[in-house]
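The following exercises are to be worked with the sequence and the model at hand. Each task is followed by a solution in steps.

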Amino acid sequence: MPANSLLAPIANTMPANSLLAPTANSMPRQLTHSLPTRVARPLIPTYAIDQFQRLDREREVVREVAQAGQQEIATGVEFLQQQAQLWLGRCWFCTQRGLEDQHDLYECRAQTQYGNESPKGWWLRVRRQIKYAAFGGCYGCGMPQSICSRFVNAGSQGHCTYRGLLLSGLAVMVYSEGSEVIKEAWARRLEGLGVSIGNESELVRYLGSRHDGETVKLVHEYIWVRRRWIEYGERS
Ligand SMILES: [Zn+2]
Ligand SMILES: [Zn+2]
């Protein structure tokens, strides 16, 4: 895919966007990229206007993402620990929609997608296939051994505190309705790393592979996607 393929259709919508500007001003700027959802639709579903504004925001995000450097990974473990506490036992999908969120992706009843292409489908499939590199973190969840209590509490028989957190988190942040911008940005990042998002076995191998002495790639991809969502705007 050419690097600027996402930008092309967005640029073409600009004249239409300016025509809609007076109506668009009646909506607060920060809400213009709110997630589409069947659960909590805006009172005035001005679909076309919303779409143009979203495309405008998408262009900004793509630029921000393109500028994101590798150096942020250096402080990743601390961030990861903080994020793990924030999302443990809590559904990211439902948080974004202001719904009751004290459940994991498996138990989520607000999901509107089913089957292979759904976040849950992706998660369960990848969870079955993934093999974490030896000494690359906890075998149960992929977390660095310094974070998962399975290792903290001495012994591999211990309970894995973060089981499912990284993979299901990635699944719901990338494959949900309303995650298209982040998915596109992540696909570009992976492409730059020589991994095709559409080639699942390749992606699974990559996620389970060793990044450095203590971590697997999954950890870093989770961190990367979390940061993109925080920059893009999310509820937490
Ligand atoms: Zn949920
Ligand atoms: Zn674990």
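**Exercise 1: The surroundings of F93**

Task: Determine which residues F93 touches, leaving aside residues up to four places away in sequence.

Solution. Step 1: F93 touches C108, A110, Q111, V172 and S176, where a contact requires C-beta atoms, placed from the backbone, within 7 Å of each other. The model is a predicted one, in which local features need pLDDT of at least 70 and side-chain atom pairs count only at pLDDT 80 or more, while totals for chains, interfaces and linings use all residues. Residues are numbered from 1 along each chain as its sequence is written, and chains are lettered from A and ligands numbered from 1 in the order in which they are written.

Step 1: F93 is placed in helix α6; helices (H or I, at least four residues) and strands (E, at least two) are DSSP runs, numbered from the N terminus.

Step 2: F93 counts as buried because it has 27 C-beta neighbours inside 10 Å. The cut-offs are 20 or more other C-beta atoms within 10 Å for buried, 12 or fewer for exposed, and values in between for partly exposed, with C-beta atoms placed from the backbone.

Step 3: Along the chain, F93 and E177 are 84 residues apart, yet their C-alpha atoms are separated by 9.4 Å.

**Exercise 2: C94 and A110**

Step 1: Beyond residues up to four places away in sequence, C94 touches L99, E100, D101, C108 and A110. The C-alpha atoms of C94 and R109 are 9.1 Å apart, at a sequence separation of 15 residues.

Step 2: A110 is in the loop between α6 (92–96) and α7 (119–129).

**Exercise 3: Helix α9 and its cover**

Task: State how many residues of α9 are buried, what covers them, and how α9 packs with α10.

Solution. Step 1: Helix α9 (residues 165–175) has ten of its eleven residues buried. Among them are L165, G169 and V174.

Step 1: The cover of these buried residues includes α5, α6, α7, α10 (180–192) and α12.

Step 2: L165, in helix α9, is buried because it has 24 C-beta neighbours inside 10 Å. Apart from residues up to four places away in sequence, L165 touches A84, W87, L88 and C141. The C-alpha atoms of L165 and Y222 are 9.7 Å apart, although 57 residues separate them along the chain.

Step 3: The axes of α9 and α10 are 7 Å apart and form an angle of about 110°. Axes are lines fitted to C-alpha atoms, for helices over the stretch in contact, and angles run from 0 to 180 degrees between N-to-C directions. The two helices α9 and α10 are therefore roughly perpendicular; angles under 35 degrees count as roughly parallel, over 145 as roughly antiparallel, 65 to 115 as roughly perpendicular and the rest as oblique.

Step 4: M173, V174 and Y175 of α9 meet I182, K183 and W186 of α10. By class, this contact has five nonpolar residues, no polar and one charged. Ala, Val, Leu, Ile, Met, Phe, Trp, Tyr, Cys and Pro count as nonpolar, Asp, Glu, Lys and Arg as charged, and the others, Gly among them, as polar.

**Exercise 4: Helix α12 and its contact with α5**

Task: Describe the span of α12 and its packing with α5.

Solution. Step 1: Helix α12 (residues 217–232) has 16 residues and reaches 22 Å from its first C-alpha to its last, close to the expected 22 Å; the expected span is 1.5 Å times one less than the number of residues.

Step 1: After α12 comes G233, with a positive phi near 115°.

Step 2: Helix α5 (residues 76–87) packs with α12 at about 70°, the axes being 10 Å apart. This makes α5 roughly perpendicular to α12.

Step 3: G76, F79, L80 and Q83 of α5 meet V219, H220, I223 and R226 of α12. The contact of α5 with α12 has four nonpolar, three polar and one charged residues.

Conventions:
Two residues are in contact if their C-beta atoms, placed from the backbone, lie within 7 Å.
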